[in-house]
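Please walk me through this structure.

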Amino acid sequence: AGKAADGARGLRFAAVAPNTTDAVTVPDGYAQNVVIRWGEPILRGAPAFDPDKQSAKAQAGQFGYNNDFLSLLPLPGEHGRQVLVANHEYTDEILMFKGYDPAKPTREQVETAWAAHGLSVVVVQEERKSGKLTPVTRHHLNRRLHTTSEFRLTGPAAGSDLLKTSADPTGTKVLGTLNNCAGGTTPWGTTLHGEENFNQYFANGSSATDKRYGISTGATERKWELFDKRFDVKQEPNESHRQGWVVELDPYDPDSTPRKHTALGRFKHEAAQPRLTADGRPVVYMGDDERFDYFYKFVSSKRMKKGTSRAAREHNLTLLDEGTLYVAKLTGDSPAAEIDGTGKLPNDGEFDGSGVWIPLATGKTSHVPGMTAEEVYVFTRVAGDKVGATKMDRPEDVEPSPRTGRVYVALTNNTDRGKAGKAGADEANPRSLNKHGQVLELAEHWDDPALDGFAWRLFLVAGDPDDPATYFAGFPKDKVSPISCPDNVAFDPHGNLWLSTDGNQLGSHDGLFGVATRGERRGELKQFLTVPKGAETCGPVIQDRRVLVSVQHPGEVDGASVEKPASAWPDGPGKLVRPSVVAVYRKDGRDIGV
Ligand code: FEO
Ligand code: CA
Ligand code: CA
Ligand code: CA
């Protein structure tokens, strides 16, 4: 490897150039395999995928659509195997069903879409001497959860009148999880899943809170309300209150009922990633992906129990039920006059400042004047409005570095920033009409995530490095890859930050990037892969021997359909385009980027 393969440890690969190839493009010397595609059977009795015979019954035993967040968990006792957990964010009926008529979906199509949402658990097998992964079908841990599976509301708002429906007078038993975007993996061996744009499934919203959450006043695009009245807000005003939570799943217990944690608030949860305080209490960071919305943290009052005993696991599943929910307020340290909306650095050379975590509720006690604790949890956005939280450029994935404790917040873009009637630029969101987004780095006071103060700075201001309104942590810009619309964040075993993008505005397909956060290479951003046409990159997992990514919504281009595909990925022309999980590894079997 020559100079091009220089870089921080873990990032020594020749950067992939921006491109529009209809493929997953990886660095020289790397190979890839499709781990699992939408529709592949994972449960006992599920049929092989047949694009001409899709049914709800088949789909309920098959891998779901539009894989997003991914987690790989250890599987002790089964050599070379791990447990893959995947989110299935949403369905693209026009790319799933031949002859789909958006004006008149059939019941079978609607129910197939219900079964294609949700979560999958599937055990995967490593190939000896490579990073290749293949699914182990019919493993006893394999599981599908979707729109009609049972979930339990737990925590301080469970059982609230705001969560009761005609089908569930207890306000605790919910059918389905919707729009699971990104997520997190807990130190106690469970996974967290953010219910994001749940508003799109509900018709006929009318209240002020429906409006604040973006529930439309008319019909929905998918028309599910015609097939189940719970999707019609006029008939079931509280059903939408039962979506928009963080779900916790125990992938090691296939009989467990996953929990929706009311203590973590209700908003368009992109993701949720925990770390532990010095005394063992989890702190969970969370973004609300909407223009001018907020980011949050939850600090538990309970300590994690170590080990995998039944008692420890049962205790740890209650950690996210008790604690304090906070929202972030940020203040810049440069004069407002120096933040002119162009992205020009202020005179002190950095977009930076201080911040406070404003408490919203602790258990059953509200800290927000005029709102009960139940209202704070169910209408968390309204609570954030009332306390004057900082309106951000679409907070997506948020992840603490396991090495330094610094927290990275992907702010994907906000093309409304600075428009008439909207908030203008501020030091944390310094560009008007922000197309490319930024990444914020947050340092908790004394590195203690239970405290309520922090310092922050922008780590990256994304875009074409030739554009003066970009910033790569001060690294020379002639040595970095262009990046646009950072969305998911993850750390590799060396402590490098990896970023996947959604909606590249620089003419290239989306991709995955790695960047050092410490040392003299800090800010040297390098592109690791690009995805096929119409796709977004998400769910990255970076292990020693492989990079795992979700290729979400390949071929999703205006005017495309099953009959007129925009992409031929992954199986070539004439085959249905299928969202899939891809593993990338080195041909020589060595570790990634060393
Ligand atoms: Fe589903 Fe915010 O990306
Ligand atoms: Ca996302
Ligand atoms: Ca400054
Ligand atoms: Ca996104």
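## A hairpin

Strands β9 and β10 form a hairpin, with five residues between them. In the turn, G189 has a positive phi of about 85°. Strands here are DSSP runs of E of at least two residues, helices are runs of H or I of at least four, and both are numbered from the N terminus. Strand β9 covers residues 180–185, and β10 covers residues 191–195. The two pair in the antiparallel sense over four bridges. To count as paired, two strands need at least two DSSP bridges between them. N180 stands opposite E195 in β10.

Six of the six residues of β9 are buried, so the strand is largely enclosed by the rest of the structure. Buried means that 20 or more other C-beta atoms lie within 10 Å of the residue's own; exposed means 12 or fewer, partly exposed is in between, and C-beta atoms are placed from the backbone.

## The model and its confidence

This is a predicted model, in which local features need pLDDT of at least 70, side-chain atom pairs count only at pLDDT 80 or more, and totals for chains, interfaces and linings use all residues. Residues are numbered from 1 along each chain as its sequence is written, while chains are lettered from A and ligands numbered from 1 in the order in which they are written.

The chain averages a pLDDT of 97. pLDDT is the predictor's confidence in each residue, from 0 to 100. At least 70 is reached by 99% of the residues. The model scores ipTM 0.94 and pTM 0.98.

## A four-stranded sheet

Four strands make an open sheet in the order β1-β32-β31-β30, with antiparallel pairing. Its edge strands, β1 (30–37) and β30 (536–542), each pair on one side only. The twist averages 25° from one strand to the next. Angles run from 0 to 180 degrees between N-to-C directions, and axes are lines fitted to C-alpha atoms, for helices over the stretch in contact.

β1 pairs with β32 (residues 580–586) in the antiparallel sense over seven bridges. I36 has V581 of β32 as its bridge partner.

The loop between β31 (547–552) and β32 holds P570. A cis peptide bond joins W569 and P570, with omega about 0°. H553 is in the loop between β31 and β32 as well. Its phi is near 40°, a positive value in a residue other than glycine. H553 is buried, with 26 other C-beta atoms within 10 Å. Most residues other than glycine have a negative phi, and most peptide bonds are trans.

## Helix α7

Helix α7 spans residues 380–387, and T380, R381, A383 and G384 are buried in it. They lie on the same side of α7, because they cover an arc of only 160° around the axis. That arc is taken from the directions from the helix axis to the C-beta atoms.

The buried residues of α7 pack against α4 (208–212), β15 (291–293), β17 (323–332), β18 (352–362) and α6 (373–378). Just after α7, G388 takes a positive phi of about 75°.

## The nonpolar core

The largest nonpolar core has 152 residues. Such a core is a set of buried Ala, Val, Leu, Ile, Met, Phe, Trp, Tyr and Cys residues joined through C-beta atoms within 7 Å. L264, M286, V409 and L460 touch the most other members. Strand β24 (residues 453–461) gives the largest share, six residues.

M286 touches residues including V246, L264, F295 and V398, leaving out those up to four places away in sequence. Contact means that two C-beta atoms, placed from the backbone, lie within 7 Å.

## Single residues, buried and exposed

S300 is in strand β16 (residues 295–300). It is buried, with 23 other C-beta atoms within 10 Å. Beyond its neighbours within four places in sequence, S300 is in contact with R281, P282, L319, L320, E322 and G323.

A167 is in the loop between β7 (150–154) and β8 (173–175). It is exposed, with 12 other C-beta atoms within 10 Å. The C-alpha atoms of A167 and R230 are separated by 8.9 Å, and the two are 63 residues apart along the chain.

K129 is in the loop between β4 (118–126) and β5 (133–135). It counts as exposed, with 9 C-beta neighbours inside 10 Å. Phi of K129 is positive, about 65°, although the residue is not a glycine.
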